[in-house]
Amino acid sequence: MSVSNIVLIWFMSSLVPASALDNGLALTPTMGWLHWERFMCNIDCDADPQNCIREELFMEMADVMVKEGWKDAGYEFVCIDDCWTSHRRDAQGRLQADPKRFPSGIKKLADYVHAKGLKLGIYADSGTRTCEGYPGSLGYYDIDAKTFADWGVDLLKFDGCFMPDWHQLGEGYTNMSRALNQTGRSIVYTCGWPLYEWQHQQPDYQAIGKTCNHWRSYEDIYDQWSSVKSILDWTADHQKILVPVAGPGGWNDPDMLIIGNFGLSHDQQQTQMALWAIMAAPLLMSNDLRNICPKAKELLQNKQIIAINQDPLGKQGYRTLKGDNFEVWERPLSGNRLAVAVMNRQEIGGPRRFIISVAMLPSWQLCNPKCNVTQILPVYKEIGVQNLFSEVMVQVNPTGTTLLTVSPIKSSPHDTL
């Protein structure tokens with residue numbers, strides 16, 4: 001790989017962490033399951049009872065999350081997205097669940113999920129209607145926040161469709177944040193604020209970080225490789241804006257994990273998992289946990305990757321190198337460690353070699369005098385002790401990613417030159 005083809009990005013040394021929403025929540029990225037990408041707005045329970053948006057779907061996912069090790073791996077939220085409500089509020093102006101599809105009501109569903117040791121998420125919209133045309137929260141922020149708290153909801157995904165004036169976005173999201181905090185219940189608050197404001201101007205991420213626990217900035221993910229690539233490209237192109245505002249309590253959300261669905265090869269699924277960990281992204285799966293292939297399950301429950309995502313230092317990673325159809329993404333970890341993802345963007349041919357050295361990665365300086373390198377993906381293996389002048393060769397499949405951790409080894413007084 002020619003050094004002339006490499007773009008090194010030098011901006012991280014001057015970053016100052018932003019202040020985050022101080023509600024004590026999401027100190028590490030949120031982990032759980034969200035219905036939207038896989039199940040969308042399927043409300044035809046007569047024709048498709050297994051896949052429609054009804055209370056049984058969320059009860060079954062909660063059951064599987066406990067039984068199949070998802071809860072133990074860290075996935076704790078079962079989240080409802082759009083299309084759960086009745087088309088009308090009740091006589092007191094409160095949102096109500098569709099009586100046919102959620103006959104027991106959201107409070108009973110929350111109780112069921114809580115009894116499993118899990119948490120329940122729900123969806124609403126800051127405008128007059130949700131994206132699918134159900135009642136929005138504009139003019140009802142306090143009522144809706146209290147309703148969610150009374151039901152025992154633990155997370156609110158707050159969308160931004162059908163806002164009459166985009167200038168009201170910030171006010172709407174701030175008002176719902178205040179209303180949630182005033183309920184006295186701990187409710188993780190995930191926002192679409194920057195997603196809708198980018199259409200008009202660059203959002204104020206300092207304000208967003210003081211208002212929301214995580215926030216979407218880019219378009220919905222689809223079950224296809226081109227969608228994953230576009231999210232990564234947009235994130236890298238805007239990383240000077242995005243990376244400084246992420247940290248404990250507030251995270252950039254590149255959208256759902258689509259691992260275990262239909263559109264990605266196994267290498268591409270590994271790439272999404274690795275890069276979402278590097279980006280300190282919320283890990284919200286959208287798949288059918290009742291019927292998921294063993295390789296996807298193993299990847300999603302990989303303890304080493306989850307540990308990178310949940311690292312307590314809470315710094316978002318970023319792209320540091322691009323050239324010759326390779327990209328390198330790095331994330332600083334606690335203990336002066338580093339996670340490194342080498343992604344092969346080429347979509348033809350076979351595995352390609354990439355050599356990691358101090359000439360390629362200035363961060364390799366942490367291997368002075370020594371470091372230990374561990375490969376997490378595509379398979380786990382100990383690469384072993386390296387030094388400042390070592391060259392580590394990895395092979396990366398087309399559209400795949402090799403994920404490594406690098407841990408410094410302090411010199412001993414007994415070491416000799």
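1. Strand β9 (residues 318-323) runs antiparallel to β10, and 5 bridges join the two. The structure discussed here is a predicted model. Between β9 and β10 lie 2 residues, which makes the pair a hairpin; in its turn, aspartate 324 has a positive phi of about 55°. Across this pairing, lysine 322 is found opposite glutamate 327 of β10.

2. Strand β10 (residues 326-333) also has β11 (residues 337-344) as a partner, in the antiparallel sense and over 8 bridges. Here the hairpin leaves 3 residues between the strands, and glycine 335 in the turn shows a positive phi of about 70°. Arginine 331 faces alanine 339 of β11. Strand β10 is mostly covered, with 7 of its 8 residues buried.

3. As to the overall division, the chain consists of domain 1 (31-310) and domain 2 (318-408). Their centres, taken over C-alpha atoms, are separated by 31 Å. At the interface, 25 residues of domain 1 are in contact with 24 residues of domain 2. The two domains bury about 2,100 Å² between them, and 62% of this area is on carbon and sulfur atoms.

4. A further sheet is open and contains 8 strands, paired in parallel and ordered β7-β6-β5-β4-β3-β2-β1-β8. Strands β7 (251-253) and β8 (283-285) lie at its edges; each has a single partner strand, so one side of each has no neighbour in the sheet. On average, neighbouring strands are turned by 25° against each other, direction ignored.

5. Within this sheet, β5 (residues 188-191) and β6 (residues 214-216) pair in the parallel sense over 2 bridges. Threonine 190 has histidine 214 in β6 as its bridge partner. Helix α6 (residues 169-182) packs on the sheet, where it touches β4 (155-159) and β5, and its direction makes about 165° with that of β4. Helix α2 (residues 55-67) lies across β1 (31-34) and β2 (77-79), running at about 160° to β2.

6. The largest nonpolar core has 103 residues; those touching the most other members are Trp33, Tyr75, Trp84, Ile106, Leu156, Met273 and Trp276. Domain 1 and domain 2 each supply at least three residues to this core. A second, separate core comprises 20 residues, among them Phe326, Val328, Leu338 and Ile356.

7. Apart from neighbours within four places in sequence, its contacts include Met31, Gly32, Met65, Trp70, Leu118 and Met273. Leu283, Met285, Leu300 and Ile306 are also in contact with tyrosine 75.

Definitions and conventions
Residues numbered from 1 in each chain as written. Predicted model: local features only at pLDDT ≥ 70, side-chain atom pairs only at ≥ 80, totals over all residues. Heavy atoms only, no water. Core = buried A, V, L, I, M, F, W, Y, C linked by side-chain atoms within 4.5 Å. Buried < 20%, exposed > 50% of the residue type's maximum accessible area, 1.4 Å probe, protein only. Domains from an automatic or database assignment. Contact = heavy atoms within 4.5 Å. Pairing = 2+ DSSP bridges. Helix = DSSP H or I, 4+ residues; strand = E, 2+ residues; numbered from the N terminus. Axes fitted to C-alpha atoms, helices over the stretch in contact; angles between N-to-C directions. Buried area = accessible area lost by both parts, 1.4 Å probe.
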